[in-house]
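User: I am new to this structure. Please take me through how its features get their labels.

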Amino acid sequence: MDTVNNKTFLVGLYDDEETLLHAVKRIKTAGINISDALTPFPVHGLDEAMGVPETRLHTAGFVFGMTGFLFAILSMIAITTIDWKINYGGKPNLSLPSYIPITFELTVLFASVGMVITYFIRNGLSVFNSTEVIDERITDDRFALIFDAEEYKESTLEDIDHLLQDTGAVEIKVKEMKKYKNLNK
Amino acid sequence: MNQNFKIPSRLNLICLILMAVGAVLFAIGWFTTIGEDHGASRLWAALLYNNFLFLGIALIGLFFAAVHEIGYGGWLISLKRVLEAVASYIPIGGILMLVILVLGGHDLYHHWDNDALYVVDGPEYDALVAQKRSYLNMPFFLIRAVIYVVLWVVFYLWFRRNSLKLDAAGDNRVPVYKRSKMISALFLFFFAITSSTAAWDWFMSIDPHWYSTLYGWYTFASIFVSGLCAVVIIIYMLKRMGYLEAVNEEHMHDLGKFIFGFSVFWTYLWFSQFLLIWYANISEETLYFKTRFEGGYKFVFFLAMFINFVVPFFVLLTRGAKRALGTLVFMSVLLILGHWLDFYVMTHPGVVGTGAEFSLFIEFALLIFYVGLFGFVVFRSLSKAPLYQLNHPFMKESLIHHT
Amino acid sequence: MGHNYSSPLREPLITGKKSYSDITDDICKSTESAPPPLWWVAISISATLAIIGLLAIAWTIWQGIGVWGLNRTVGWAWDITNFVWWVGIGHAGTLISAILLLFRQKWRTGVNRAAEAMTIFAVVCAAVFPGIHMGRIWYSFFIFPYPNTRGGEGLSSLWPNFNSPLLWDVFAISTYLTVSLLFWYSGLVPDFATIRDRATGIRKKIYNVLAFGWQGKAKQWQRFESLSLVLAGLATPLVLSVHTIVSFDFATSVIPGWHTTIFPPYFVAGAIFSGFAMVLTLMIITRKVLNLEDYITIGHIESMNKVIVLTGSIVGVAYITELFVAWYSGNPYEQWVFFRNRIADPYLFGPMLGLEEGDHAPYWWAYWMMMTCNVISPQFFWFKKLRRSIVFTFILSIFINIGMWFERFVIIVTSLHRDFIPSAWTYYSPTIVEVLIYTGTLGIFFTLFLLFARTFPVIAIAEVKSILKTSGDQYVTDFEKADDKFFEEVESGAGELAGGLAGAKSYKK
């Protein structure tokens with residue numbers, strides 16, 4: 001992840017996700033790397049076509065969950081057998097069946113909260129973000145492929161322009177962005 | 001697409017050998033054990049739970065197909081014939097069940113099928129059991145059993161007939177398909193009731209003093225997991241023989257999710273029943289678990305818990321494991337054994353109560369026999385109809401299924 | 001695309017031949033226009049109810065819970081009934097968004113957002129009741145286990161009782177509320193971005209904050225989908241656990257009528273049942289008022305009615321199981337609770353059980369109200385015509401809401417009011433304060449929902465767009481033609497599946 005300041009992007013806008021997927025495949029076969037794709041909804045198979053590596057968010061969730069599990073069960077055991085041994089209803093001090101509900105709840109709580117926080121941080125989402133968007137219709141009905149102008153040779157950019165036209169882009173434009181975090185790196 | 005399954009003669013032979021070996025071993029077991037104290041009880045208990053496990057698996061075949069039929073479960077259609085084949089064991093399993101109940105009823109249910117218990121002021125008078133006599137008496141018990149079995153068999157035959165009709169329906173398939181939905185809905189309605197009552201009758205009544213409202217659903221969860229596992233194993237065998245190429249990773253992934261999810265569900269019911277009885281600590285209720293915490297049953301009891309929950313939970317947690325056929329088949333075999341053990345601890349302590357004992361000539365002999373019989377029946381059924389139901393309106397969805 | 005295929009036999013889930021931008025327009029509209037007069041009327045009524053309820057709560061706290069109708073025999077009644085009722089209603093949202101996601105039910109996209117909102121509001125209402133029932137509410141933080149100085153000598157702290165189901169409840173409800181909120185909000189972020197990109201002025205600033213700077217990047221969506229799936233996987237057992245633990249509040253005791261092992265799954269089924277009824281009540285109005293009939297179609301309503309008939313029947317089987325096992329148990333107390341305290345009405349069952357006149361169950365009307373509304377009424381939904389009738393569904397959903405309230409009332413009050421010693425037998429009636437607190441929570445609930453309906457995207461915009469190509473009515477092809485062509489291709493080995501069925505995805509032999 002790197003924050004790039006004052007970058008110029010070549011932007012191709014499509015109006016259909018299937019056209020977009022075909023375009024991604026064509027551009028990729030031409031040996032050109034796509035900086036990023038922006039869509040109004042999750043397009044099935046796009047991450048694969050773009051070559052975006054799989055997310056490890058679920059692994060993080062598992063680790064958070066195990067933390068919650070151990071935290072809950074160990075603290076309850078410690079509290080009821082070491083810190084304050086009280087006889088409740090004639091049950092043994094160490095009443096494991098009784099601890100299972102709370103242990104389960106805390107496992108889920110830790111996993112969910114941990115994952116959501118990780119998700120927000122890794123995705124660069126926060127309330128302090130500015131409104132800068134590449135195109136306002138991307139959250140409506142446009143699918144964008146963007147190319148960081150700095151990373152391509154002049155001639156490649158021309159090729160990209162042609163490819164975008166050929167693959168059915170409804171609009172091609174150049175957009176200056178003050179800040180753009182590329183999550184694919 | 002290879003539509004016609006021909007049973008390889010080797011497979012048929014293996015099934016027959018398993019049956020023969022199981023039968024011979026059990027015959028030896030029968031004659032050496034029958035004379036012993038509790039011998040007859042033990043033999044019938046083994047027959048009861050082994051038979052029920054496979055009958056339950058067969059019922060789940062029909063149940064799972066019916067649920068998907070009414071729930072628009074398109075993904076499943078390419079393996080619908082496998083489910084029908086599993087269900088084809090219902091008539092045989094059902095009839096064997098009736099035979100076992102008629103011949104072994106007294107040895108199995110001697111805790112209530114005993115006239116001395118009902119003699120008021122007699123030495124063995126049991127007020128609790130006497131109160132239940134209008135429900136727990138052999139004639140009514142057997143009538144109920146016949147009703148369950150007849151209902152199940154009729155619905156299987158009806159469902160299957162309609163399914164075959166769909167193959168030949170041509171352009172008329174939508175009405176035939178809708179009829180199948182109607183049959184499924186009716187079956188599910190009756191199964192919702194009979195699956196519980198059969199469990200109360202055949203297993204809960206072994207300990208007639210004990211009762212648990214959850215028991216029927218718990219038993220259902222057990223056979224549900226076992227049934228799905230049997231389906232996975234049969235798919236695996238068919239694929240090994242070069243059939244069923246349309247069933248791919250995606251379908252297995254879904255089956256794997258079901259096995260994972262319902263293993264957790266089974267554990268949830270197990271825990272709910274255990275926790276409530278443990279917590280309330282009422283002696284009539286805790287007796288059930290007390291019996292199972294003694295005499296070597298405890299190990300089997302917790303081993304079943306470990307196999308049926310801990311192992312599948314960690315093994316099948318990841319996406320990769322659910323999609324790996326080898327892992328899935330291994331887990332399926334293990335889970336069927338786990339539920340076999342679970343049914344053992346549901347049956348043996350109450351009927352026999354002499355402590356956990358496993359014998360090659362009794363419990364394992366029957367397992368071998370039933371595996372052979374079940375395989376024989378299922379593969380025969382598979383060879384009787386096209387392997388795919390191409391005419392099913394949701395077949396296309398299933399063929400290009402993608403999770 | 002192969003994997004986007006859906007059988008033409010399935011009913012379209014989006015009607016009106018919508019395009020992507022139509023979807024955006026239709027759903028954002030309610031957040032961009034001034035509310036109609038009817039909305040102002042509705043919110044005035046519900047806010048008034050809420051304020052009266054809050055005053056009744058203040059009165060309860062000021063005076064103590066003696067202002068309620070409770071007595072020594074019936075120590076739990078109206079308030080715990082309401083608590084369980086609200087928690088139950090709060091189950092549908094997570095069920096729709098989590099369990100139906102795992103079961104790939106596409107129709108969930110039309111209703112999940114509103115159902116989740118409803119879940120959160122219902123859980124907020126539920127939390128009110130145990131809170132004020134504690135009596136000294138200012139000590140309620142004692143329930144949280146944290147190291148403290150109340151333990152006396154040395155380093156020991158005074159801990160809550162980890163063996164108590166009431167403490168499990170605290171954990172369950174707070175976890176549930178937290179996870180539901182997170183699930184809901186993470187799904188809302190992309191839709192807030194949609195509204196942000198259409199808005200101007202101060203609204204843009206507000207929605208900009210709410211949208212967290214969402215841009216719809218490939219990686220963001222990838223993580224979004226992974227998060228949804230894992231949260232759904234976590235929320236599914238969570239939603240089961242919540243009502244399970246609520247049922248433990250009763251079932252771990254030894255009170256006849258409370259202590260029964262079927263309670264956990266049966267409470268869960270009942271909760272889903274009541275939750276769906278409330279979703280139907282709300283969505284039938286919402287789709288009409290906000291003109292969302294193209295997104296919440298009759299097909300959606302029919303699907304929900306199928307869930308109603310399924311869960312209603314499960315609940316029915318559980319009622320009958322309880323009744324049967326009460327008899328089968330041979331336990332006279334168990335039998336008394338069911339046969340003498342519940343089903344024995346003065347007209348039919350009482351005389352059948354040989355009871356004299358006037359000896360009938362005091363709360364027989366509550367039991368039969370519950371049976372009629374919960375078990376008998378949903379059976380009408382076996383008929384397709386009725387499942388697809390909006391008026392009928394609306395009326396029935398209200399019946400079920402009432403029936404499920406009575407279920408909890410029956411469980412709680414009839415099991416308690418006749419104690420083991422006949423001298424302690426009593427009859428419980430609520431006071432006006434209790435009734436006003438209940439209507440107050442209804443006021444809170446509807447106020448929050450009305451606010452939600454005007455400021456939030458009521459339908460998950462991005463999710464609906466993602467099913468447009470498979471479930472939009474303009475994409476539905478002629479069933480027979482599409483299928484015939486496909487199977488001809490399969491048989492000739494050409495077309496999409498050329499090179500073997502399902503291609504490389506199948507296992508090697």
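Analyst: The largest cavity has a volume of about 90 Å³. This is a predicted model, where local features need pLDDT of at least 70, side-chain atom pairs count only at pLDDT 80 or more, and totals for chains, interfaces and linings use all residues. Residues are numbered from 1 along each chain as its sequence is written, chains are lettered from A and ligands numbered from 1 in the order written, and side-chain values use heavy atoms, without hydrogens and water.

User: What makes a space a cavity?

Analyst: On a 1 Å grid over the protein atoms alone, a 1.4 Å probe fits at its points but cannot get out. The volume is the space filled by probe spheres set on the points.

User: Which helices supply at least two residues each of the lining of the largest cavity?

Analyst: They are H9 (249-280), H10 (283-292) and H13 (325-351) of chain B. Lining residues have an atom within 4 Å of a point. Among them are Trp270(B), Arg292(B) and Asp342(B).

User: Why are H8(B) and H14(B) called oblique to each other?

Analyst: Helix H8 (residues 215-240) and helix H14 (residues 363-384) of chain B pack at about 60°, with axes 12 Å apart. Angles under 35 degrees count as roughly parallel, over 145 as roughly antiparallel, 65 to 115 as roughly perpendicular, and the rest as oblique. H8(B) and H14(B) are therefore oblique.

User: Which residues of H8(B) and H14(B) meet?

Analyst: Ala230(B), Ile234(B), Met237(B) and Leu238(B) in H8(B) meet Phe374(B), Val378(B), Phe379(B) and Leu382(B) in H14(B). Contact means heavy atoms within 4.5 Å.

Note on methods. Axes are lines fitted to C-alpha atoms, for helices over the stretch in contact, and angles run from 0 to 180 degrees between N-to-C directions. Helices (H or I, at least four residues) and strands (E, at least two) are DSSP runs, numbered from the N terminus. On a 1 Å grid over the protein atoms alone, a cavity is a set of points where a 1.4 Å probe fits but cannot get out, and a pocket is an open set with protein on both sides within 12 Å along at least five of seven lines; lining residues have an atom within 4 Å of a point.
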